[in-house]
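Here are my notes for you, written as numbered points. Have the model open while you read, and click through the residues as they come up.

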Amino acid sequence: MKAAPADMTTTAILDATRGVLGNAPRPVLLHGPDLRGRAGDYVKECIDTAWVSSAGAYVDRFERELAATTGARRAVAVVNGTAALHIALKLVGVEAGDEVLIPSLTFVATANAVSYCGAIPHFVDVEPGTLGLDPISLEQRLAMIGERVNGRVVSRETGRRLAAVVPMHTFGHPVDLAGLMEVCERWGLPVVEDAAESLGSYYRDRHTGTFGRLGILSFNGNKIVTTGGGGAILADDEELADRAKHLTTTAKVPHRWEFIHDETGYNYRMPNINAALGCGQLERLEEMVALKRRLADTYRDALADVRGVRFIQEPPGCRSNYWLNAIELDEGLAGDRDAILAALDDEGIQARPIWRPMHQLSMYQSCPRADLLVTERLARRIINLPSSASLAG
Ligand SMILES: *Cc1c(COP(=O)(O)O)cnc(C)c1O
């Protein structure tokens, strides 16, 4: 079969996207928040009572509701997802000079949080199906460079300790957790799940972010549930959760009046006014997931007959929140990606390429890495389409 000419594909993608978006007012954002429901009442209550900052009932309530929603024993609310990752990595034992295995195809926060620990990201390839960390790439990389020394895993290549693995659920699609957990358990490597994009997504019947030793969520303004800015650490281990709370609240020792801090802590606690917004948002999570799944169905149907384009779908046996809708262009169309983005942009339709891979960013280009063939291939070919819940017809 002959490849579709690029301009025909561009037109077909434009037509399909126009059809999905209907007469939604232009510009159509890639992802905007949906703040309907009781969020406004809760925020107003914070203002009326002056409980807006780092103490107040909404933070505890938000944490309880997050735990109930995800099935994690505990949730600790913090200022953003990056801060959550930073503390989670510290708590599983990542130290300065260690390496942490992460996908290169991720948002920069995953790599930055590793750097905040003084550690070095070590990039592993992703799977074309889930767009997430590939258990086979991880296994092969460990087999090639990993060595067990006195109960630790050390890189033969750099001599540094391999301290943890951070899988990420790209665009809300659950990564192959069974495969990854098996490899990590065999090597004795702790897992921190970057579930920043996957609140409401389930791997089989269990919520993402609850498989690793710790998991993290983000409530940035562009995520499925927002607190303005915010994040959370998910834990099943009470002691780790207590440590997370302590470290994120300046490591203050509880006392009626004394200011005593027993280690260098962080001012990472989520403010009450943000948690109030989050409580209102979380009440609508299932409604939001349903809307986003309906929007994804509409995109999938509209794009089904467009040659050279694959609509990215949830992996079998999983429920994705379809946070961001994504298409993958055939290899022959990779060179036309920017023309397609421009054509959409010209019509006030905000589409975006997937992130520039971490190993291609200046500050991470000399980090250790596996072969990243799939990452490099996908990075040139994936486009995100407008995904706000309000667009579901
Ligand atoms: C959003 C996001 C984060 C955290 O971002 P914050 O803006 O700090 O809340 C982390 N990892 C991934 C993959 C993300 O998409």
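1. The angles run from 0 to 180 degrees between N-to-C directions, and axes are lines fitted to C-alpha atoms, for helices over the stretch in contact.

2. Before you go on, note that this is a predicted model, where local features need pLDDT of at least 70, side-chain atom pairs count only at pLDDT 80 or more, and totals for chains, interfaces and linings use all residues. Residues are numbered from 1 along each chain as its sequence is written, and side-chain values use heavy atoms, with hydrogens and water left out.

3. Now find helix α2 (residues 39-49) and helix α9 (residues 272-282), which pack at an angle of about 160 degrees with their axes 7 Å apart. That's why α2 and α9 are roughly antiparallel to each other. Helices (H or I, at least four residues) and strands (E, at least two) are DSSP runs, numbered from the N terminus.

4. Next, the holes. On a 1 Å grid over the protein atoms alone, a cavity is a set of points where a 1.4 Å probe fits but cannot get out, while a pocket is an open set with protein on both sides within 12 Å along at least five of seven lines; lining residues have an atom within 4 Å of a point. Grid points are joined across faces, edges and corners, and a volume is the space filled by probe spheres set on the points.

5. What is the volume of the largest pocket? The answer is about 430 Å³. It has 29 lining residues, and Phe107, Glu197, Asn222, Lys223 and Trp323 are the closest to its centre. Two or more lining residues come from each of α4 (81-91), α5 (108-116), β10 (214-218) and β15 (352-353). Helix α4 gives the most, with three residues.

6. The second largest pocket has a volume of about 220 Å³. Its lining is made of 13 residues, with Ser54, Ala55, Lys245, Thr249 and Arg269 nearest the centre. Here α3 (57-70) and α8 (238-248) are the elements that give two or more residues.

7. Which residues line the largest cavity? They are Ala72, Gly209, Thr210, Gly212, Arg213, Leu234, Ala235 and Asp236. This cavity has a volume of about 40 Å³.

Conventions
Parallel < 35°, antiparallel > 145°, perpendicular 65-115°, else oblique.
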